[in-house]
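Please keep the sequence and the coordinates at hand while reading.

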There are 2 protein chains.
Amino acid sequence: MLAEAATMQEFKPVMPVARRMRATTAPICESCSLRAVCPSSGLSKTELRELDSVVLSQRRLKLGQALFRSGEAFQAIYLVRSGFMKTMIVLEDGREQVTGLYMPGEMLGMDGVASGRYASDAVALGDSDICVISYERLQHLEEGAGAVQRLLHRMFSREIVREQQMMLLLGSMRAEERVATFLLNLSERFTALGFSPSEFVLRMTREEIGSLLGLKLETVSRTLSRFHKHGLIEVEGRHVRIVRVAGLRGILAH
Amino acid sequence: MLAEAATMQEFKPVMPVARRMRATTAPICESCSLRAVCPSSGLSKTELRELDSVVLSQRRLKLGQALFRSGEAFQAIYLVRSGFMKTMIVLEDGREQVTGLYMPGEMLGMDGVASGRYASDAVALGDSDICVISYERLQHLEEGAGAVQRLLHRMFSREIVREQQMMLLLGSMRAEERVATFLLNLSERFTALGFSPSEFVLRMTREEIGSLLGLKLETVSRTLSRFHKHGLIEVEGRHVRIVRVAGLRGILAH
DNA sequence: CGCCAGGTTGACACTTTTCAAGCCGCGTGG
DNA sequence: CCACGCGGCTTGAAAAGTGTCAACCTGGCG
């Protein structure tokens, strides 16, 4: 039943990732298999080459490894190439809030520009490949700077919009609406990546999902169970299949 | 008792704002009274002049008037010169979420860069003066572009960090913590503007505060009353005086 | 003068959290 | 090889925190 989703869990780029961990000047962006979803889509050949010149390297992370941590000196922004990342803020008293879930083609670390130090932790939710983009060099691009700068601005802005929507969710939705929104959002993003809109694998524990949605893990679990009981989804651990999208959407329509 | 706060409600810049509503080339930034808190602090004279060249005009808003609305074509970003603004997202079903409160020196509208349309509504919380900055021209700055671009990036990033902190508040704090955080945050920002850290005027109704904090207006009211009962603050409508900062901070320390 | 928006407060309902118990699958070490 | 422990998940029952509804107060303004 959930076989397709299971294979998808691997979540490898469609084409093999060539020249991993290569030196700075390797044409990573030009030949990137993520071009379709990568923010760099829309750039010209020369502009892509420009972009390549600022890609410092690739990084590989395993489950739980940090890409950066709150307070570390900001030097680079990061692009998810494969795998999943989460960002979170931690309070002194230990409470933590997952502030974002990042999929291939999405960008991380822009919160570090403000003060020169990252404001959040970024942690891998499984094996992940990450493009490391030197912010320093990005600033000093000469050729093609216009297009690349505009791209960067769109990325910044997209992040702001994403966070606004998260605030809407956290500030004015009840548990069922939050979880439904979460599932529908995942579905969209998987679709954009060329995967099934209806069948996928959550990459987070119930606790992480809860933290992202501002709920306790038990509430997440109960809500998923209720959705299942009402025939909206099928759940098996982290495998999810959306059975009645309209039903999920209906929950949002109050 | 709350006299100082009452005068402060006017919230005029320290120096008179010269050449309001003037043509594009007026040296608004160079002579801006907000320099101390304005994001443009740190720019050189020439860079300031550059910045001036992108300031289209000034806009004056009254209570309830919109600076931009969700869906409108994005053309400019805005800087609050005097007064207060709020941003909000509205759902089809009418529910709305205040996503931000903006004071003099703070920037609005960057969410429009992503899609070319604003993603939120910006509404004045009272008489306000706003700098209108052409995004188009900002992009095409030649001289001094480096410094101005860096400045813009910091602004973007600061907004991202601000929203992350809002998510933390909305996702993992209880009502008392939210209100205490709100008051302490206001206190800091007023201080930065040269006003009293302990005595100020809320510019929003209880309902707006509630929406910003993800609470109902009654909860806001009750929480403020409770703070008052415990001798932490004094409240009289929108006039607030913080009596025991340590007490408020203590609430955050669980 | 009277209305109305904004604010406060109480009583009660509802959602979500908290606490607790138990299940499952998996890796480790006896 | 099996037992054990443990993290992750589910479910129930009770507690806590907020929301809802309603009454009432106040000040400003037509």
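**Contacts with DNA and between chains**

Helix α7(B) provides the largest share of the surface near DNA strand C, namely 6 residues. The model is a predicted one, and the values below are computed from it. Around DNA strand C there are 18 residues, of which R174(A), T219(A), T205(B), S221(B) and S225(B) come nearest. Two or more residues of this surface are given by each of α7 (217-229) of chain A, α6 (206-213) of chain B and α7 (217-229) of chain B. By class, the surface near DNA strand C consists of 8 charged, 5 polar and 5 nonpolar residues.

DNA strand D may be described in the corresponding terms. It is surrounded by 18 residues, the closest being T205(A), S221(A), S225(A), R174(B) and T219(B). Here α7(A) gives the most, with 6 residues. At least two residues each are supplied by α6 (206-213) and α7 of chain A and by α7 of chain B. The surface near DNA strand D divides into 8 charged, 5 polar and 5 nonpolar residues.

How are the two protein chains related? The same surface serves both copies, since 100% of the contact residues of chain A recur in chain B.

At the interface itself, 33 residues of chain A are in contact with 33 residues of chain B. On the side of chain A that touches chain B, β5 (96-102) and α4 (145-172) of chain A are the elements that give two or more residues. The largest share of that side, 18 residues, comes from α4(A). Its composition by class is 13 nonpolar, 12 polar and 8 charged residues.

**Within the chains**

The description now turns to the organisation of chain A. Chain A has 8 helices and 11 strands, and 45% of its 254 residues are buried. Among the contacts in chain A with a separation of 6 or more, 70% are between residues 24 or more positions apart.

Chain A is divided into domain 1 (12-169) and domain 2 (174-252). Between them, 13 residues of domain 1 of chain A are in contact with 12 residues of domain 2 of chain A. Strand β5(A) gives the most to the domain 1 side, with 4 residues. That side has 9 nonpolar, 2 polar and 2 charged residues. Strand β5 of chain A is also one of the elements giving two or more residues to the side that touches chain B.

Nonpolar side chains tend to be buried together in soluble globular proteins. In this model the largest nonpolar core has 142 residues, and those with the most contacts inside it are M85(A), M85(B) and I133(B). Beyond its neighbours within four places in sequence, I133(B) is in contact with V54(B), V55(B), L56(B), A76(B), I77(B), Y78(B), L79(B) and L138(B).

R137(B) is found in helix α3 (residues 135-139) of chain B. Is this residue buried, exposed or partly exposed? R137(B) has 15 other C-beta atoms within 10 Å and is therefore partly exposed. Not counting residues up to four places away in sequence, R137(B) touches S53(B) and V54(B). R137(B) and S53(B) lie 84 residues apart along the chain, while their C-alpha atoms are separated by 8.0 Å. V54(B) is also among the contacts of I133(B).

D121(B), in strand β7 (residues 121-124) of chain B, has 20 C-beta neighbours inside 10 Å and so counts as buried. The threshold for a buried residue is 20 or more such atoms. Leaving aside neighbours within four places in sequence, D121(B) is in contact with A66(B), R69(B), S70(B), T87(B), M88(B) and V90(B). From D121(B) to L56(B), 65 residues away along the chain, the C-alpha separation is 20 Å.

E236(A) lies in strand β10 (residues 233-236) of chain A. With 13 other C-beta atoms within 10 Å, E236(A) is partly exposed. E236(A) and T191(A) are 45 residues apart in sequence, and their C-alpha atoms are 21 Å apart in space.

Conventions:
Residues numbered from 1 in each chain as written. Chains lettered and ligands numbered in written order. Predicted model: local features only at pLDDT ≥ 70, side-chain atom pairs only at ≥ 80, totals over all residues. Contact = placed C-beta atoms within 7 Å. Core = buried A, V, L, I, M, F, W, Y, C linked by C-beta atoms within 7 Å. Buried ≥ 20, exposed ≤ 12 C-beta atoms within 10 Å, placed from the backbone. Near = placed C-beta within 6 Å. Nonpolar A, V, L, I, M, F, W, Y, C, P; charged D, E, K, R; others polar. Domains from an automatic or database assignment.
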